[in-house]
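Colleague: Please take one part of this model and go through it closely. I would like a single connected account.

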Amino acid sequence: MIAYIENIKKACTTIFDGMAVTFSHLFRTPITYQYPDRTPKRLQETLPDRYRGHLEVDMDICLSCRACERACPIDCIKIEDVRVPKEMIVEPSGKKVPRVKEATRFDILMYKCMYCGLCVEPCPTLAIHFTKEFEGSTDNLGALHFRFVDEEKRKRVLAKAAELEREKMAAEEEARREDAENPPDEGGEEKPGDES
Amino acid sequence: MQQLLDGLIRSRGWTGEGTVQLVYFLGMLFFAVLLLLVVVTPFAGVVSWVERRIAARMQSRIGPNRVGPQGLFQWVADGLKCILKEDLVPQDADRRLFTLAPYLVFCGLFGAFAVLPFSEHLVIADLNVGIFYMMAITSLVPVGIIMSGWASNNKWSLFGGMRSAAQIISYEIPAALALLAVLLVSGTLSLQEIIRDQGWRPTEWYIFRNPFLFTAFFYFFAANLAEGNRTPFDLPEAESELVAGYTTEYSGMRFAFFMLAEWANLYVVASVMNVAFLGGWNVPAITSGVPQTIFQILAFAFKSLVLVFVIIWIRWTLPRLRVDQLMILCWKYLVPLSFLNVFGTALWMMVLPEGSPGGRIASWILFLFGIFLLVLFVLRVRMNLRDGGVTRLDWNPIR
């Protein structure tokens with residue numbers, strides 16, 4: 001009987017307390033962000049720095065070393081490159097490194113990417129990195145096929161490569177001409193002592 | 001309404017028993033349909049929006065605020081969407097019962113509106129067995145629910161229907177007993193007479209008439225929550241156990257009917273509690289005629305809406321009971337206690353008859369006790385806000 005009355009008392013007091021808790025919440029400010037159009041600032045700006053959004057490649061500092069392509073477990077990075085004249089590039093950290101190759105095609109199939117970050121880690125110049133952009137929904141899969149080398153850039157790189165090729169050809173030509181002008185002493189072949 | 005139809009008949013010069021009967025019949029039908037369309041359906045819709053907004057605030061969210069000003073027309077969008085949806089009937093369902101069930105639930109709840117008073121003169125039918133009619137017509141609801149559960153040919157639906165039937169039948173008893181205590185005092189079953197017997201002063205309301213009626217209010221409240229399948233007694237549609245209970249297989253229009261009935265039920269339940277315990281439409285007799293009627297409508301609506309708010313509020317506070325806990329609450333607590341209530345009320349009426357000084361003092365003490373509880377509650381809320389580190393109260397509902 002005492003337990004019975006105790007139960008009733010407990011029910012009354014706990015319901016009373018619980019309702020006071022929920023009622024007090026009516027006077028608190030909601031913490032909801034009204035994504036996408038009524039956020040105080042663009043949501044992408046509020047994300048942490050290490051957020052894994054879409055991948056982006058800074059082609060100005062990419063060495064085309066293909067470390068990312070090799071690291072990708074699902075092969076969503078496609079690189080084609082050519083040799084170009086050697087030039088020094090400046091990393092974000094300020095270090096200077098030589099570049100001897102440049103990509104004529106650097107595609108990331110973002111629709112295949114699983115955001116593992118394995119491509120970002122081996123990059124020697126921090127060229128490939130995550131952005132805070134995450135709004136990838138589209139009605140067109142092609143929109144998620146990122147091409148970081150556009151046609152114009154590709155032509156420029158090819159021109160550079162052709163220049164290098166020309167230089168090389170010229171150098172070879174030069175070398176050959178020099179060879180022709182100063183033919184190596186062929187006397188070594190005819191061993192003087194062989195005659196007899 | 002009767003007078004309006006009489007006037008129409010006189011002005012047209014219609015005679016003959018058949019014609020007059022037909023005019024009455026069509027007139028009543030017209031008013032009933034008008035009431036449904038103009039008052040009840042929008043009310044049910046708006047309450048669904050209000051509930052979602054309140055629920056959101058209680059959970060530190062914002063809630064629907066895009067369709068119309070502050071999301072006020074969210075229910076229109078939802079309703080239109082439901083109407084445009086495909087009308088699916090499961091392959092192995094009992095087609096006839098399946099299609100009939102939502103309309104039974106709908107009729108059961110909307111039939112109750114026929115006797116609900118909105119003011120002293122604004123009532124469709126002031127039956128002399130009003131309360132009895134109310135309990136009888138809402139008993140159509142479990143029939144519809146168990147029908148939908150059975151006809152869906154789905155185990156979850158069936159479980160939901162069975163639970164609902166068990167629950168409603170169990171809780172009818174404490175609800176009826178709590179009302180019986182009221183009827184002992186009022187001596188009539190007519191809703192209008194019950195209201196007239198109370199006054200506009202809170203001390204004249206039945207809830208403060210004697211301590212037994214005070215507790216009866218809470219038993220009636222709990223029992224009505226259970227009958228309306230509202231949380232914490234929403235076992236028939238417990239989404240974590242039964243998908244959606246008896247509404248699992250329903251879609252589109254029929255689902256909308258179930259939902260409409262559920263929201264409309266909120267108002268019916270609140271109104272009955274208002275009539276039986278909180279003085280209904282009683283206002284001080286300052287004015288008469290149309291202004292008084294308007295005041296009465298406002299008073300009735302205000303009290304009912306406060307109760308609707310409390311029901312919503314409870315839904316977002318208390319977790320769902322288990323089936324056995326539900327039955328324990330009913331049979332071990334509410335039923336014996338409401339029997340005690342009926343007995344106590346009868347005894348009270350013998351010892352302190354209506355209008356005696358002792359009875360009036362008791363009313364005042366109970367009223368002050370009610371105020372005391374309210375103050376205690378406000379203090380408790382303030383404590384919660386302080387503990388939560390809230391420095392600035394945010395009343396603003398506009399987001």
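This is a predicted model: local features need pLDDT of at least 70, side-chain atom pairs count only at pLDDT 80 or more; totals for chains, interfaces and linings use all residues.

Modeller: In strand 3 of chain A, Arg105(A) is the bridge partner of Glu80(A). Strands of a sheet pair through backbone hydrogen bonds, either parallel or antiparallel. Here the two strands are part of an open sheet of 3 strands in chain A, with the order 2-3-5 and antiparallel pairing. Strand 2 (77-90) and strand 5 (145-147) of chain A are the edge strands, each pairing on one side only. On average, and with direction ignored, neighbouring strands of this sheet are turned by 25 degrees against each other. Helix 4 (residues 151-181) of chain A packs on the sheet, where it touches strand 2 and strand 3 of chain A. The direction of helix 4 makes about 60 degrees with that of strand 2 of chain A.

Elsewhere in chain A, helix 1 (residues 2-24) meets helix 14 (residues 357-387) of chain B: their axes come within 8 Å and cross at roughly 60 degrees. Helix 1 of chain A and helix 14 of chain B are therefore oblique to each other, and their crossing is right-handed. The residues that meet there include Asp17(A), Ala20(A) and Phe23(A) in helix 1 of chain A, and Phe377(B), Val381(B) and Leu385(B) in helix 14 of chain B.

Technical notes: Residues are numbered from 1 along each chain as its sequence is written. Chains are lettered from A and ligands numbered from 1 in the order in which they are written. Two strands pair if DSSP finds at least two bridges between them. Helices (H or I, at least four residues) and strands (E, at least two) are DSSP runs, numbered from the N terminus. Axes are lines fitted to C-alpha atoms, for helices over the stretch in contact, and angles run from 0 to 180 degrees between N-to-C directions. Two residues are in contact if their C-beta atoms, placed from the backbone, lie within 7 Å. Angles under 35 degrees count as roughly parallel, over 145 as roughly antiparallel, 65 to 115 as roughly perpendicular and the rest as oblique. A crossing is left-handed if the near helix is turned anticlockwise from the far one by less than a right angle, and right-handed if clockwise.
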